[in-house]
Every structure is written in C-alpha cells, then in structure tokens.
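What follows is a guided walk through one structure, taken step by step for a reader who meets it here. Please keep the sequence and the model in view while reading.

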Amino acid sequence: MTNYIKIPMTFKSDEKNYLDRQCPNEQCEYVFKINMDDWKDKIIPQNEVHCPMCGHTADSEKWYTYEQLESIKENAQSYATNMVYEMLDKSLGKFAKSIKNNKYIKITYKPGKRVTYKNNPIGQREEWNLDITCEKCGTRYSVIGSAYFCPCCGHNSVERVFEDSIGRIEKIIESQDYIKEKLCEQFTIDEVDNMCRSMLESLLGDIVSAFQKFAKENLVKKITQNISNIRVNDFQIVEKGSNLYEKYLNRGYDKYLSQEELEQMNTLFQKRHILEHNQGIVDEKYIQNSKDMSYKIGQRVVVKKEDAKQLLCIIKKLTTELRK
Ligand SMILES: [Zn+2]
Ligand SMILES: [Zn+2]
C-alpha cells in the first residue's frame, strides 16, 4: 500500500489572470501563459495541452515551468520538515512522559526551532506583450514573439502567423540602420557589415518561407476537392505556385501583379534559393531561372535592404488579393 501526502498548494495568476506554463518537450521548453479560467474550465477537463510553439501534446499535469517546479519542491520540503518536527514533538513528548517516573532514565526533550509551513502561492512571471485569443475555441493565451498553435484546441491560424511574421520582418528591415549603429559600438565595421549582410539574406528566406506556408494553406482552404499532392515547397517557385492558383482557382499571380513585379518576385525567390542551396554562388541554373543578367557564373549574389523591402511589398500586395 502506498501512502500519499497531500500538500496544499495555490497557484497565483498574474495581473492579467494568466498562469505560466512550459512545454515538456525537451527540444522545445517554450514558456507561455494561459488565462487561469480557460485553464480550469477548458484545459483541465479535456486533460490535453498543445504547445503553442512546437505543437507537442501532453496531459495537463506536465506543463510546470522550472520556476514552478522549484517552488513546489521548496513548499514540499518545508511541509515535510514541519511534519517531521510535529511527529517528533508528539512521540518524544509522549516518551518523555512515559518514563517520567523511571529513576534510571532521565530524558528531557526540548522542541527545536520549528520550520513552519507556509503555503507559498507559486508566483508568475510578469505580464507579456502579445495576447492572443484563439479564433476557433476562444482560449486566451499570451506569448513572447510568435506562436503557432492554440494550447487548448491546437488550431494553427495561418493568417495570424503570416501577419506576425511579416510584421516582424518589416520591423527588422526598418531598423537596419539602428541595428547597424548599435552593433558598431561593439564590433568592427567589417564584422558589422558581415552580420548585417547575413541578416538581410536570412530575411529574404523568412519572407519566402512565410509566403510559402500562407500560399499553400490559403489555397487548400479555398478548394474543396482532395489535393493532398500540393506541397509547401511548390510555392518556393513563383511560376509553379502561380500555376496552382490558376489551375484550382482560375486566378494566377499575374492577375494581381504586373509583369515587372512578377519578374522581381521571381528573381528574389531565386536569390533566396541560391543562397540556401549554393551559398549564394551563381551557377548556370540561377541565371536561367532568375533571368538575372547582372551576375556571371561564379559570382556571389548580393542582397540589399531595398531587395528585402521590395519583396515584402510585392508579397503583401499579392497575399492581400489571394486571401479574398
Ligand atoms: Zn513545445
Ligand atoms: Zn483554440
């Protein structure tokens, strides 16, 4: 038979009534906040939680943050210590009494300094910025940065994630000069140049991957027939993606973008491709696919702030139309 000791503990929500939670997936350990009432009323009854970042699912018992586990341990220790003291007090007190009249043994027992158990409510981190309400189930949660899945129903809002990514990318592009200035306080100009260059290159990648995901999910949502053969990667190639929209919805990208914009979009998508797959070194295929005549084979492509800005602008225009 196993005996359990029940230790009373209280979780305290923060000012906005959020409770801290942490993903139990060791690869992730993402910390987020969830509305206390939604946790009690929705999550506990269904006993399943989705990680907003990686989508891992586990029972509701497994989502303590490191800070909460630490406080739980401390609370349990002080509770146990206190219990032992009480037991000692009782039994030694009794024992001392029982031998009071024994002339051979003399025992005096003075209770030591007691650790009193206080049920410390387990505190929360301060409130965060981004409050989200799931469009599907209404669960309220809060994250730093961005999140992909609703902790309650696991719903992945493609549109919200896309908007978040685009907003973040836009901010980074806008603050390029500021970032450069700040970095110059710490690093040499050569190092700063390198860092800013790779930042711009990865921004190009971020725009393309945000677009790919959006374009695929948006298309799938709009058509009813079974289209399991459409892959996210199809939208890495401008022509291929446009053809899919033409085929299923009768409206390719050319309905919304000028020939010039389409060409710019294609060149920048190809730039991203060569950066990712050939370290930016121009090969014959790049020249063929991008129709970019400003490079010779063997050169390395250059990404400028204007390139990222331009691509972002085209993508915003296109996606606004595609979602209609
Ligand atoms: Zn996770
Ligand atoms: Zn939800």
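In this predicted model, Glu-159, Glu-163, Lys-221 and Arg-323 are joined to one another in a network of salt bridges. Side chains of opposite charge can pair when their charged atoms come close.

Another salt bridge joins Asp-38 to Arg-140, whose closest N and O atoms are 2.9 Å apart. Here the partners lie in helix H1 (residues 36–46) and in strand S6 (residues 140–143) respectively, so the pair ties together parts that are 102 residues apart in sequence. Asp-38 is buried, with a relative accessible area of 5%, whereas Arg-140 counts as partly exposed at 34%.

Within helix H5, Lys-213 and Glu-217 are four residues apart, and therefore separated by about one helical turn. These two residues form a salt bridge as well, the closest N and O atoms being 3.7 Å apart. Lys-213 has a relative accessible area of 37% and is partly exposed, as is Glu-217 with 23%.

A charge can also be found over a ring: the charged end of Arg-21 sits over the ring of Trp-39, 4.6 Å from its centre.

The rings themselves come next. A pair of aromatic rings is described by the distance of the centres and the angle of the planes. The structure holds eight aromatic pairs. Among them is the edge-to-face pair of Phe-235 and Tyr-245, with 6.1 Å from centre to centre and 75 degrees between the planes. This pair links Phe-235, in the loop between helix H5 (189–222) and helix H6 (238–249), with Tyr-245 in helix H6, the two being 10 residues apart. Phe-235 counts as buried at 0% relative accessibility, and Tyr-245 is buried with a relative accessible area of 0%. Tyr-245 also pairs with Tyr-253, this time in a tilted arrangement with 6.0 Å between the centres and 50 degrees between the planes; Tyr-253, like Tyr-245, is buried. Together with Phe-211 and Phe-269, the residues Phe-235, Tyr-245 and Tyr-253 form one aromatic cluster.

How do the cysteines compare with this picture? A disulfide is a covalent bond between the sulfur atoms of two cysteines. The count of disulfides comes to zero. Cys-184, for example, is in no disulfide, and the nearest cysteine sulfur, that of Cys-196, is 7.6 Å away. Cys-184 is partly exposed at 36% relative accessibility, while Cys-313 counts as exposed at 53%.

Technical notes. Residues numbered from 1 in each chain as written. Chains lettered and ligands numbered in written order. Predicted model: local features only at pLDDT ≥ 70, side-chain atom pairs only at ≥ 80, totals over all residues. Heavy atoms only, no water. Phe/Tyr/Trp six-rings, centres within 6.5 Å; stacked < 30°, edge-to-face > 60°. Buried < 20%, exposed > 50% of the residue type's maximum accessible area, 1.4 Å probe, protein only. Lys NZ or Arg CZ within 6 Å of the ring centre and 35° of its normal. Disulfide = S-S within 2.5 Å. Salt bridge = Lys/Arg side-chain N within 4 Å of Asp/Glu carboxyl O.
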